[in-house]
Amino acid sequence: MTTAASTPKGERRRAALIEAASQLLAESGFDAIRHRAVAERAGLPLASTTYYFDSLEELVTAAVEHHARLELVQGRQCLEEARDRSLVDLVLELLLGPERDDREADAEAVLLRYERLVATGRRKYLRPLMRTLSAELDHLLLEIFARSGTPVDAAELERLVALVDGAVVNALIEIDPDPRAVAGRMLREALS
């Protein structure tokens with residue numbers, strides 16, 4: 001990171017660029033994060049992206065981390081507020097994102113999420129960050145299972161996450177209009 005963001009104005013501008021890049025990532029994936037698109041979304045001059053970030057990779061990394069950390073905060077809030085929500089619903093929200101009211105919009109959001117996850121594997125510079133974020137997600141999931149009265153160990157959690165991932169990918173391949181429901185059914189069966 002350049003030292004330009006060390007002033008309050010610089011910190012606000014850098015944060016606005018990260019937020020804009022994070023929104024673009026969530027809406028359209030990695031290919032949407034371009035200097036011009038990020039600057040326009042943030043309402044800042046084009047040169048600001050290269051002023052506050054040494055490379056596009058640095059901006060992408062910041063966007064991925066920002067987006068993932070927001071999701072982890074939302075997951076923690078779900079856990080704290082989850083008095084009358086099922087274990088399966090909580091786990092699916094963490095793994096697939098918040099459920100949207102419109103089934104088609106929800107399926108599209110799940111598809112975008114999995115496209116992002118797969119595309120992350122092609123970006124070697126993101127691997128250390130993704131390992132860290134994955135460990136934090138696993139920790140939160142383990143806490144959800146423990147609080148629900150269904151504690152699992154790390155190996156069982158890995159199996160359950162793989163089951164959900166496989167169910168979602170299979171539903172997306174088959175163009176199932178509701179991959180969340182498919183994953184929920186598989187997870188319920190595995191937990192019963």
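This is a selection-by-selection tour of a predicted model.

**Before you start**

Residue numbers run from 1 along each chain as its sequence is written, and side-chain values use heavy atoms, with hydrogens and water left out. Because the model is predicted, local features need pLDDT of at least 70 and side-chain atom pairs count only at pLDDT 80 or more, while totals for chains, interfaces and linings use all residues.

**Stop 1: the annotated spans**

Select residues 11-71. UniProt, in an unreviewed entry, annotates them as "domain: HTH tetR-type". UniProt positions are given in the numbering used here, feature names are shortened, and annotations may be inferred rather than shown by experiment. The span is 79% helix and 0% strand. Its end C-alpha atoms lie 22 Å apart. Helices (H or I, at least four residues) and strands (E, at least two) are DSSP runs, numbered from the N terminus.

Now select residues 34-53. The unreviewed UniProt entry lists them as "DNA-binding region". This span is 70% helix and 0% strand. From end to end, its C-alpha atoms are 12 Å apart.

**Stop 2: the largest nonpolar core**

Select Ile 33, Val 38, Val 91, Leu 96 and Val 164. Of the 51 residues in the largest nonpolar core, these touch the most other members. A nonpolar core is a set of buried Ala, Val, Leu, Ile, Met, Phe, Trp, Tyr and Cys residues joined through side-chain atoms within 4.5 Å. Buried means under 20% relative accessible area, exposed over 50%, and partly exposed in between (1.4 Å probe, protein chains only).

Colour the helices next. H1 (8-28), H4 (56-80), H5 (87-96), H6, H7 (127-147), H8 and H9 (179-191) each supply at least two residues of this core. Which helix gives the largest share? H4 does, with 9 residues.

Centre on Ile 33. Not counting residues up to four places away in sequence, Ile 33 touches Ala 21, Leu 24, Leu 25, Val 38, Leu 56, Leu 59, Val 60 and Ala 63. Contact means heavy atoms within 4.5 Å.

**Stop 3: His 67**

Stay with H4 and pick His 67. Is His 67 buried or exposed? His 67 is buried, because its relative accessible area is 15%. Beyond its neighbours within four places in sequence, His 67 is in contact with Ser 22, Ala 26 and Arg 116. For a distance check, pick Gln 77, 10 residues along the chain: the C-alpha atoms of His 67 and Gln 77 are separated by 15 Å.

**Stop 4: H6 against H8**

Show helix H6 (residues 103-120) with helix H8 (residues 154-173). They pack at an angle of about 115°, with axes 11 Å apart. Axes are lines fitted to C-alpha atoms, for helices over the stretch in contact, and angles run from 0 to 180 degrees between N-to-C directions.

From H6, Ala 107, Val 110, Leu 111 and Tyr 114 meet Val 164, Asp 165, Val 168, Val 169 and Leu 172 in H8. These contact residues divide into 8 nonpolar, no polar and 1 charged. Ala, Val, Leu, Ile, Met, Phe, Trp, Tyr, Cys and Pro count as nonpolar, Asp, Glu, Lys and Arg as charged, and the others, Gly among them, as polar.

**Stop 5**

Pick Glu 99, in the loop between H5 and H6. Glu 99 is exposed, with a relative accessible area of 56%. Its contacts, leaving out residues up to four places away in sequence, are Asp 106 and Arg 180.

Move to Glu 156 in helix H8. Glu 156 is partly exposed, at 24% relative accessible area. Its C-alpha atom is 9.9 Å from that of Leu 142.

Finish at Arg 185 in helix H9. Arg 185 counts as partly exposed, at 44% relative accessibility. The C-alpha atoms of Arg 185 and Arg 85 are 100 residues apart along the chain and separated by 16 Å.
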